[in-house]
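The points are grouped by topic.

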Amino acid sequence: MTVDEILNSHRTGSPVVMGILNVTPDSFSDGGEFLRPSDAVARAERMISRGADIIDIGAESTRPGSQRVTAKEQIERLRDIVPAVTACGAVVSVDTTSSSVAAFALDGGASIVNDVSAGRDDPEILSLCARYGSPIVLMHMLGKPNNMQNNPRYDDVVTQVRDFLAERMEAA
């Protein structure tokens, strides 16, 4: 699928499958399994062969309790992986809250930015995506990964999440 087909899949009724590729030592699901570029590319190829339309590559864990990783470290983890996975033919999404990491990945062939902070951690990421013409996925989370599970509370979860996402869409 192309990015345009993905963005319009709701009109065609075509499902879109996103494969998650974590290149971190501390991911909640597969921490450390795909740190070597050859392992990461093999995993991406396997997901593509099984029907993934998008490969979402994350170089910073956002599991509950995780600690932040510098943009420099994220870029180092992505350096050889983003161009190699892009060469496999899938649409690549980069999972980051950092505009410098997003720019690196977009320059390396990624097409989509997936930001769990919805542009709150680094507001420049919103204008960066606009300049690149890149879609951005805006996610909802209470707090930060290191404290998001410390007694999260909602009065009306549906309304509060909807309002949050509407506000972040307006910011974008």
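By class, the residues that line the largest cavity are one nonpolar, four polar and two charged, where Ala, Val, Leu, Ile, Met, Phe, Trp, Tyr, Cys and Pro count as nonpolar, Asp, Glu, Lys and Arg as charged, and the others, Gly among them, as polar. This is a predicted model, in which local features need pLDDT of at least 70 and side-chain atom pairs count only at pLDDT 80 or more, while totals for chains, interfaces and linings use all residues. Residues are numbered from 1 along each chain as its sequence is written, and side-chain values use heavy atoms, with hydrogens and water left out.

**The cavity**

- The structure holds one cavity of 30 Å³ or more, a cavity being a set of points, on a 1 Å grid over the protein atoms alone, where a 1.4 Å probe fits but cannot get out.

**The chain as a whole**

- The chain has eight helices and five strands, taken as DSSP runs (helices H or I, at least four residues; strands E, at least two) numbered from the N terminus.
- Along the sequence, these elements follow the pattern α-α-β-α-β-α-α-β-α-β-α-β-α.
- Of the 172 residues of the chain, 41% count as buried, that is, under 20% relative accessible area, with exposed meaning over 50% and partly exposed in between (1.4 Å probe, protein chains only).
- Among contacts with a separation of 6 or more, 58% are between residues 24 or more positions apart, a contact meaning heavy atoms within 4.5 Å.

**Helix α3**

- The buried residues of α3 are Ala 40, Val 41, Ala 44 and Met 47.
- Seen down the axis of α3, these buried residues fall within an arc of 120°, so they line one face of the helix, the arc being that of the directions from the helix axis to the C-beta atoms.
- The buried residues of α3 pack against β1 (18-22), β2 (54-58) and α5 (81-87).
- Just after α3, Gly 51 has a positive phi of about 110°.

**Asp 107**

- Asp 107, which lies in helix α6 (residues 99-107), counts as exposed because its relative accessibility is 58%.
- Asp 107 and Pro 83 are 24 residues apart along the chain, and their C-alpha atoms are separated by 9.2 Å.

Note on methods: On a 1 Å grid over the protein atoms alone, a cavity is a set of points where a 1.4 Å probe fits but cannot get out, and a pocket is an open set with protein on both sides within 12 Å along at least five of seven lines; lining residues have an atom within 4 Å of a point. Grid points are joined across faces, edges and corners, and a volume is the space filled by probe spheres set on the points.
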